[in-house]
Amino acid sequence: MDEARPSHTALRVAMRRAAHQLHDARPLVFDDPFAVPILPPDARAELQRTPAASRKPFSAALRAFMVCRARFAEDVLAAGVREHGVRQALILGAGLDTFALRNPFANVHVFEVDHPATQSWKRELLAASKLPIPEALTFVPVDFERQSLRHQLLHADFDFSVPTATAWLGVVPYLTQEAFGATARVLGRLPAGSSLVFDYSQPREVLSFTEQLMHDSLSARVAQAGEPFQLFFTPQSLAEELPRYDLAVVEDLDSDALNARYLANRTDGLHLRGKAGRLCHAEVSFARQ
Ligand SMILES: C[S@@+](CC[C@H](N)C(=O)[O-])C[C@H]1O[C@@H](n2cnc3c(N)ncnc32)[C@H](O)[C@@H]1O
């Protein structure tokens, strides 16, 4: 990422969540009353002006993935609060995520970690939209490539002894292997009951021809925005990688699984296409307990 500029991809993802609120059929997969208000006014106006754009198949498929992953992360968090004593939500590379504004759990504190430039832009947007910052939210600026997540969290009074649900959405493909490993290592030290949800992309060579075309189109766009994809896993390589950080895969969902879980019987045809993107739910492994 460019040091001084907020993430452009964070804006594009937030616009897709907002498009879901504005243009998709009810019931929504991911109901977020703040998704539209948090946007910069020009982005909001663009969405309202161009409803047809959101119905293009490629755009709808990307939106489907983004709303499913947001919903899945919040489902895992809710289950963690109910069943595993989770009392901290850690949102890594938060972008314009609004969970902290909708947090229904009185005993859950939210830590939003993001690249400093993106985080200060988000804080400006919150102020401009007059959206109040909840007391149970702490902002933690961290560049995963250059700073220690553990150090910055300690500095922000994050409690490493409390079960924590971490969401790391739309970030892993943009990282180096070193930054991924350093961050995963911190998460693997969290106590039992902690969870991690993140999405990842499969390498181009394992994709079908059509999936490669979708991959190339998206790769070109994010590279042009100055945020190139650089890290890929297959389900096999990920299952081998996570135990290095004392993490273990609980679920690794492909588009068929997500379509069945969240998008069956929709009247608007919203569904995922292709096998490139997957969603992983991991937990601290028993080996360390
Ligand atoms: C595609 S956006 C996803 C944002 C958010 N998670 C969502 O789903 O809406 C990528 C996010 O990763 C963050 N990011 C990318 N590289 C980063 C780095 N080296 N350190 C910290 N954050 C980074 C960006 O600032 C941005 O918020």
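**Entry 1: helix 8**

I started on the outward side of helix 8, where F209, T210 and Q224 are exposed. I am working from a predicted model. I then checked the extent of the element. Helix 8 runs over residues 209-224, 16 residues in total. I took the span from its first C-alpha to its last and got 22 Å. That is close to the 22 Å expected at 1.5 Å a residue.

Next I asked which residues of helix 8 are buried. I found E211, Q212, H215, S219 and V222. I looked down the axis of helix 8: the buried residues fall within an arc of 100 degrees, so they line one face of the helix.

What do the buried residues of helix 8 pack against? I traced their contacts to helix 1, residues 8-23. I also looked just past the end. Helix 8 is followed by G226, and the phi of G226 is positive, near 85 degrees.

**Entry 2: the ligand**

I moved to the ligand and listed its surroundings. There are 21 residues around the ligand. R17, G93, D114, T118 and L169 come nearest.

I then went through polar atoms at the ligand.

- R17 places a polar side-chain atom 2.7 Å from a ligand oxygen.
- R69 also has a polar side-chain atom by a ligand oxygen, at 3.3 Å.
- H115 uses a polar backbone atom, which lies 3.3 Å from a nitrogen atom of the ligand.

How much of the ligand does the protein bury? I computed the ligand alone, and it exposes 580 Å². The protein buries 97% of that.

**Entry 3: T164**

My last stop was T164. I placed T164 in strand 4, which covers residues 164-168. Is T164 buried or exposed? T164 is buried, and I read a relative accessible area of 0%.

I looked for a polar partner of the T164 side chain. I found the side chain of Q88, joined to T164 by a polar contact of 2.9 Å. I then listed what T164 touches, leaving out residues up to four places away in sequence. The list holds V86, Q88, L90, F158, L190, S194 and S195.

Note on methods:
Residues numbered from 1 in each chain as written. Predicted model: local features only at pLDDT ≥ 70, side-chain atom pairs only at ≥ 80, totals over all residues. Heavy atoms only, no water. Helix = DSSP H or I, 4+ residues; strand = E, 2+ residues; numbered from the N terminus. Expected span 1.5 Å × (residues − 1). Buried < 20%, exposed > 50% of the residue type's maximum accessible area, 1.4 Å probe, protein only. Arc of directions from axis to C-beta. Contact = heavy atoms within 4.5 Å. Near = heavy atom within 4 Å. Polar contact = N/O pair within 3.5 Å; in protein donor to acceptor, adjacent residues only side chain to side chain. Areas by Shrake-Rupley, 256 points an atom, 1.4 Å probe, with all protein chains shown as cover.
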